[in-house]
Amino acid sequence: MMAGLWRSYQALMSRYPWRVQIVTAGSLVGVGDVISQQLIERRGLAHHNVQRTAKMMSIGFFFVGPVIGSWYKVLDRLVVGGTKSAAMKKMLLDQLCFAPCFLGAFLSISGALNGLTVDDNITKLKRDYTDALISNYYLWPPVQIANFYFIPLHHRLAVVQVVAVGWNSYLTWKANKM
């Protein structure tokens, strides 16, 4: 069953890589929000905020998927090769240049979609950004080294998004904690 799903996913990825990456990202950000609401926040199904999950999915579809997918293409042009050294360079560029900007943008977009004023969004960023960035640095460097060294470009976003189910649960909790 799982092998058949994986083969179908790979076939779709071969035919429609951009669309599949975006749908995967949006869906998995949504899964992360459901996990956040149900397991971290313990809301229960009766109190699940479907509108929030839809907002988080839209961030996945229109921001996370396109931005990370494009970044990986740029990164592959900036650092060519599949050596350990190239993987390390990609991870350093990813974590030192891209991740801080991406995280700030993600939290800002989430705040705006939650109706925060600019001042409230800035206050929330001051409160949550550093903690989220430190948490990012605990998780992502080893994942990205493995991703850049072993995984072909067109599957990198999917690998990141599978790992990111847990990360997205944390990040959506952080982004929606008022």
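The largest pocket holds about 180 Å³ of space. The model is a predicted one. Rolling a probe the size of a water molecule over the atoms shows where empty space is left.

Which residues line the largest pocket? They are Met2, Leu5, Trp6, Tyr9, Thr24, Leu28, Ala158, Val159 and Val162. Sorted by class, eight of the lining residues are nonpolar and one is polar, while none is charged. Three helices each provide at least two residues of this lining: helix 1 (2–15), helix 2 (17–40) and helix 6 (153–176). Helix 1 contributes the most, namely four residues. An α-helix has 3.6 residues a turn, so residues three or four places apart point the same way.

Is helix 6 largely enclosed or largely open? Of its 24 residues, 17 are buried, so helix 6 is largely enclosed by the rest of the structure.

The cysteines come next. A disulfide is a covalent bond between the sulfur atoms of two cysteines. How many disulfides does a search of the whole structure find? The search finds zero. Cys97 takes part in no disulfide, and its nearest cysteine sulfur, in Cys101, lies 7.7 Å away. Seen from Cys101, the closest cysteine sulfur is that of Cys97, and 7.7 Å is too far for a bond, because a disulfide needs the two sulfur atoms within 2.5 Å. Cys97 has a relative accessibility of 43% and therefore counts as partly exposed. Cys101, with a relative accessible area of 56%, is exposed.

Methods: Residues are numbered from 1 along each chain as its sequence is written. This is a predicted model: local features need pLDDT of at least 70, side-chain atom pairs count only at pLDDT 80 or more; totals for chains, interfaces and linings use all residues. Side-chain values use heavy atoms; hydrogens and water are left out. On a 1 Å grid over the protein atoms alone, a cavity is a set of points where a 1.4 Å probe fits but cannot get out, and a pocket is an open set with protein on both sides within 12 Å along at least five of seven lines; lining residues have an atom within 4 Å of a point. Grid points are joined across faces, edges and corners, and a volume is the space filled by probe spheres set on the points. Ala, Val, Leu, Ile, Met, Phe, Trp, Tyr, Cys and Pro count as nonpolar, Asp, Glu, Lys and Arg as charged, and the others, Gly among them, as polar. Buried means under 20% relative accessible area, exposed over 50%, partly exposed in between (1.4 Å probe, protein chains only).
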